[in-house]
Amino acid sequence: MADDTSIFIGASRKPDDSYQRAEELLLRYGNRHGLITGATGTGKTVSLQVLAEGFSNAGVPVFCADIKGDLSGIAMMGEAKDFLVKRAEQVKLDPYQFQEFPVIFWDLFGEQGHPIRATISEMGPLLMSRLMNLTEAQEGVMNIAFRIADEEGLLLLDLKDLQALLANMADRADQLSARYGNVTKPSVGAIQRTLLVLESQGAANFFGEPALRIADLMRTTRDGRGAVSVLAADKLMMNPRLYATFLLWLMSELFEELPEVGDLERPKLVFFFDEAHLLFEDAPKVLIDRVEQVVRLIRSKGVGVFFVTQNPLDIPEKVLAQLGNRVQHALRAYTPREQQAVRTAAETFRPNPDFDCATAITQLATGEALVSMLEDKGVPAMVQRTLIRPPSSRLGPITPDERRKIIAESPVAGQYDQAVDRESAFEMLQKKTKEAQDAEAQAQQAGSGGSRWTIPGFDDVLGTSGRRSSNRQTVAEAAIKSVVRSVGSSVGRAIVRGILGSLARGR
């Protein structure tokens, strides 16, 4: 049975289906990462819940995404139901104690938890380009935008800051292209349109301040248990690219902010990445390389990352190789790709001579899994067919009233509820534009007041500079001038004829 150095996961079975031994995850290898896979409905969420409970009781904070709402039950005490009690007896979990866990609910949209925000600057050009699915040329423009923001001291906090900067870049496209490379107005326009789509999908709620403090994800209670941060992700999954980008940003922030600590007796934080295939789906190589780098190095910061997905083929090989703790639920093998996934999963385990791993994967019952955890010296244990233990907290979602009560009593209540909009790129660029317009108006006024010559009575026609204020005339003005010219010509000719006649008579 587990003690303060391990987490009890379940009990492995002998070939005759009798009890064999307890299967445990050693806490000192919790930062060696892990993988939970299996088809829909095979028990992945319960395995995640059991591990989250174990880490919390060991004083390790946990962050996990709640895709369907089922994981929220970890905040409430479990109930003695027949099938749970029976499973506890099968795995020799005695006593089977129920408890509730310290949970902090989060929500990017601020509806089912405390709002989570990040600034555009924190997200960076690579993740923003991934989020917006930009082309190579557009990604180049995005990199230039962040470079200009750094050089000109422009804070990029929210979407309107980035929109204002891009509009400014379009106005200066020729000047910027000469210095940074090709900045075309069509590329800028395409990025602006994508930003509008993001805004309509609710991403504006995510970008801004106050930004999430990583320390708030690493809280512990007075009795020494780790806080379980649960991200409400049912609505977020309507925009899977935002979901994946957010979780990658969070991993990157953990990697950059936490100090090096090496191997500890237990992790400082464990991060569960549900629906992990969304992170790698259609991702460019540079992003996959970034994920592989973060996963490889973040263990030295005391952070363990567990990927949760349906198919082990969803995880690139370089990342898969970093995942030492494995829980494999049942897979279906109806299509060639599914059959390949079964073979891949079987080949990643240390073989057990008592059964064929590939066959067992397709025959596992709900709540049963193939388990292989790291043993002494970090060597993977021989794979075992295991019954997963029942959770101590509620199995299933909590009610809206229960959620509201937990949010109101949260240790971060009131810290993130109200957005803050301080002076940033949007306001700074507006100010610069106004100053430039005022300066241009003053220059025009100073230039127009410099002439010493005036024409009395014609100020309404000529400007103070002595030039006509407009080179256009109305139809009425043209007709009047034509009549005047005609009349003037007739009178002039009559006068000339009269003068000439009188001169002739005088002779």
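User: Why is Asp 17 called partly exposed?

Analyst: In this predicted model, Asp 17 has a relative accessible area of 47%. Buried means under 20% and exposed means over 50%, with partly exposed in between. The value of 47% falls in that middle range, so Asp 17 is partly exposed.

User: Where is Asp 17 placed, and what separation is found between its C-alpha atom and that of Thr 386?

Analyst: Asp 17 belongs to the loop that runs between β1 and β2. Its C-alpha atom is separated by 9.9 Å from that of Thr 386, although the two residues are 369 apart along the chain.

User: What makes Ser 56 count as buried?

Analyst: The relative accessibility of Ser 56 is 0%. The cut-off for buried is under 20%, so Ser 56 counts as buried. Ser 56 sits in helix α1. Leaving aside residues up to four places away in sequence, Ser 56 touches Val 62, Phe 101, Pro 102, Gly 224, Arg 225, Gly 226 and Val 228.

User: What joins β11 to β10 and to β12?

Analyst: Three bridges join β10 to β11, and four join β11 to β12. Both counts meet the requirement of at least two bridges, so both are pairs. β10 and β11 run antiparallel, and so do β11 and β12. Leu 370 of β11 stands opposite Gln 328 and also opposite Arg 385 in β12.

User: Why is β11 described as largely enclosed by the rest of the structure?

Analyst: Five of the five residues of β11 (residues 368-372) are buried, so the strand is largely enclosed. Both of its faces are covered. Glu 368, Leu 370 and Ser 372 are buried on one side, and Ala 369 and Val 371 are buried on the other. Across the protein, buried residues make up 48% of the 507 residues.

User: Why are α3 and α8 called roughly antiparallel?

Analyst: The axes of α3 (residues 120-132) and α8 (residues 240-257) come within 10 Å and cross at roughly 155°. Angles over 145 degrees count as roughly antiparallel, and α3 and α8 are therefore roughly antiparallel to each other. Their crossing is right-handed. From α3, the contact is made by Glu 122, Met 123, Leu 127, Arg 130, Leu 131 and Met 132. From α8, Arg 241, Leu 242, Thr 245, Leu 248, Trp 249 and Glu 253 take part. By class, this contact has seven nonpolar, one polar and four charged residues.

User: What makes α3 and α4 roughly antiparallel?

Analyst: The axes of α3 and α4 (residues 136-151) come within 10 Å and cross at roughly 175°. That angle is over 145 degrees, so α3 and α4 are roughly antiparallel. The α3 side of the contact includes Ile 120, Leu 126 and Met 132, and the α4 side is made by Glu 139, Met 142, Asn 143 and Phe 146. The residues of this contact divide into seven nonpolar, four polar and one charged.

User: Why is Asn 133 classed as exposed, and why is His 33 classed as buried?

Analyst: Asn 133 has a relative accessible area of 53%, and the cut-off for exposed is over 50%, so Asn 133 is exposed. His 33 has a relative accessible area of 1%, which is under 20%, so His 33 is buried. Asn 133 lies in the loop between α3 and α4, whereas His 33 lies in the loop between β2 and β3. Phi is positive in each: near 55° for Asn 133, a residue other than glycine, and about 70° for His 33, which is not a glycine.

How values were computed
Residues are numbered from 1 along each chain as its sequence is written. This is a predicted model: local features need pLDDT of at least 70, side-chain atom pairs count only at pLDDT 80 or more; totals for chains, interfaces and linings use all residues. Side-chain values use heavy atoms; hydrogens and water are left out. Axes are lines fitted to C-alpha atoms, for helices over the stretch in contact, and angles run from 0 to 180 degrees between N-to-C directions. Angles under 35 degrees count as roughly parallel, over 145 as roughly antiparallel, 65 to 115 as roughly perpendicular and the rest as oblique. A crossing is left-handed if the near helix is turned anticlockwise from the far one by less than a right angle, and right-handed if clockwise. Contact means heavy atoms within 4.5 Å. Ala, Val, Leu, Ile, Met, Phe, Trp, Tyr, Cys and Pro count as nonpolar, Asp, Glu, Lys and Arg as charged, and the others, Gly among them, as polar. Buried means under 20% relative accessible area, exposed over 50%, partly exposed in between (1.4 Å probe, protein chains only).
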